[in-house]
Amino acid sequence: MKNTYLWLAQLVTGILIAVTLGIHMVWMHLDTILSALGIDATEPTSWASMIQRSRDIGWVVLYIFLLAFGLYHALYGLRNIIFESIQSRRIRLVVTWSILAFGILAFAWGTYVPIILLSK
């Protein structure tokens with residue numbers, strides 16, 4: 001039953017990645033469509049624009065969620081791929097804890113800069 005919930009979370013994070021990445025892609029790379037809709041998206045990849053977005057709580061939250069969804073989706077998928085070739089319960093436990101530790105460190109590292117920039 002536990003794996004059912006983890007697999008459901010895998011599917012849900014895939015959908016949430018598509019939504020958050022879709023928002024990011026439209027805003028960053030489809031400036032002609034946004035300008036046709038009346039939204040000012042001039043030079044979204046310029047340094048000034050990136051710093052401006054880093055001070056907007058909405059964008060910081062979007063990017064942190066995208067990071068969390070992406071990390072879970074990728075690392076749980078990697079864990080399942082590794083588990084297909086490993087039968088030992090002890091090694092599976094080591095793999096699970098190693099991936100969990102890596103995920104926590106990657107999330108902490110990935111959220112450090114946006115949170116620091118938001119606080120400035």
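Visitor: What makes F65 and F69 about one helical turn apart?
Guide: F65 and F69 are 4 residues apart in helix 4 (residues 57-83), so about one helical turn separates them. Helices (H or I, at least four residues) are DSSP runs, numbered from the N terminus. The model is predicted: local features need pLDDT of at least 70, side-chain atom pairs count only at pLDDT 80 or more, and totals for chains, interfaces and linings use all residues. Residues are numbered from 1 along each chain as its sequence is written, and side-chain values use heavy atoms, with hydrogens and water left out.

Visitor: How many aromatic pairs does a search of the whole structure find?
Guide: The search finds 3. Among them, F65 and F69 have ring centres 5.8 Å apart and planes at 10°, so this pair is stacked. Rings of Phe, Tyr and Trp (its six-membered ring) pair if their centres lie within 6.5 Å; planes under 30 degrees apart count as stacked, over 60 as edge-to-face and the rest as tilted.

Visitor: Why is F69 called buried?
Guide: Its relative accessible area is 17%, and buried means under 20%, exposed over 50%, partly exposed in between (1.4 Å probe, protein chains only). F65, at 44%, therefore counts as partly exposed.

Visitor: Why is the pair of Y72 and Y76 called stacked?
Guide: The ring centres of Y72 and Y76 are 5.6 Å apart and the planes lie at 5°, so the pair is stacked. Y72 and Y76 are also 4 residues apart in helix 4, about one helical turn.

Visitor: Is Y76 buried or exposed?
Guide: Y76 has 8% relative accessibility, so Y76 counts as buried. Y72, at 27%, is partly exposed.

Key:
Helices (H or I, at least four residues) and strands (E, at least two) are DSSP runs, numbered from the N terminus.
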